[in-house]
Amino acid sequence: ATVLRVANVSGPGSPRASLLGQVADSLAGAVRSGRPAVVELSPLRAHRDYVDVRDVADAVLAAATAPTVGQVINIGRGEAVSVRALVDLLITVSGVPARVVERVRQPGQPSSTAAGVDWLRVDTAAARDRLGWQATRTMRESLSAHWAGIAPR
């Protein structure tokens, strides 16, 4: 078997519990209520490697048809992006005026980042070399597709 180790996923169908899902849900709620959006989040200091779900699907197809066995292959864009920049980009593509409020972490409160890691970028060389795959969608395309799927009509 080939194991695909997938970075953070964005795009259509992103779960509401994810960072970008929470932001999109807040923006959609503001549109439905006719009120300005106030998006309350934990501090946005982290940098993460995000990859569009459709690129992940392409990677799964590539892995299913590639002659690789017993491999663990990272799937991501190969770049660490500021989560604050992603939140701002989602707000921009939505066209919804919004104010982002970063809640201050209280002393002794656990970090909201996985194991306290604030920076994550995956090495995608094996995906290119062994699967002939690389992410093709930009974060703007990914977030636009996410918003298009949930935006109130």
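Ser94 is located in helix 3, where helices (DSSP H or I, at least four residues) and strands (DSSP E, at least two) are runs numbered from the N terminus. The model is predicted, with local features requiring pLDDT of at least 70 and side-chain atom pairs counted only at pLDDT 80 or more, whereas totals for chains, interfaces and linings use all residues. Residues are numbered from 1 along each chain as its sequence is written, and side-chain values use heavy atoms, with hydrogens and water left out.

Ser94 has a relative accessible area of 12% and is therefore buried (buried, under 20% relative accessible area; exposed, over 50%; partly exposed, in between; 1.4 Å probe, protein chains only). Apart from neighbours within four places in sequence, Ser94 contacts Leu27 and Trp147 (contact, heavy atoms within 4.5 Å). Other buried residues of helix 3 include Val83, Leu86, Val87, Leu89, Leu90, Ile91 and Val93.

Helix 3 comprises 12 residues (83-94), and at 1.5 Å a residue it should span 16 Å, which agrees with the 16 Å between its end C-alpha atoms; the expected span is 1.5 Å times one less than the number of residues. The N-terminal end of helix 3 is capped by Ser82, a side-chain oxygen of which lies 3.2 Å from the backbone nitrogen of Arg84. Just after helix 3, Gly95 adopts a positive phi of about 75 degrees.

Helix 3 packs on helix 5 at an angle of about 55 degrees, with the axes 9 Å apart; axes are lines fitted to C-alpha atoms over the stretch in contact, and angles run from 0 to 180 degrees between N-to-C directions. Helix 3 is therefore oblique to helix 5 (under 35 degrees, roughly parallel; over 145, roughly antiparallel; 65 to 115, roughly perpendicular; the rest, oblique). On the helix 3 side, the contact is formed by Leu86, Leu89, Leu90, Thr92, Val93 and Ser94, and on the helix 5 side by Met139, Arg140, Leu143, Ser144 and Trp147.

Helix 5 (residues 139-150) also packs with helix 1 (residues 19-33), at about 45 degrees and with an axis separation of 10 Å. Residues in this contact include Leu27 and Ala28 of helix 1 and Leu143 and Trp147 of helix 5.

Leu41 lies in strand 3 (residues 37-41) and, with a relative accessible area of 3%, is buried. Leu41 and Arg103 are separated by 62 residues in sequence but by 5.9 Å between C-alpha atoms. Beyond neighbours within four places in sequence, the contacts of Leu41 include Val87, Val100 and Arg103.

Notes
Polar contact = N/O pair within 3.5 Å; in protein donor to acceptor, adjacent residues only side chain to side chain.
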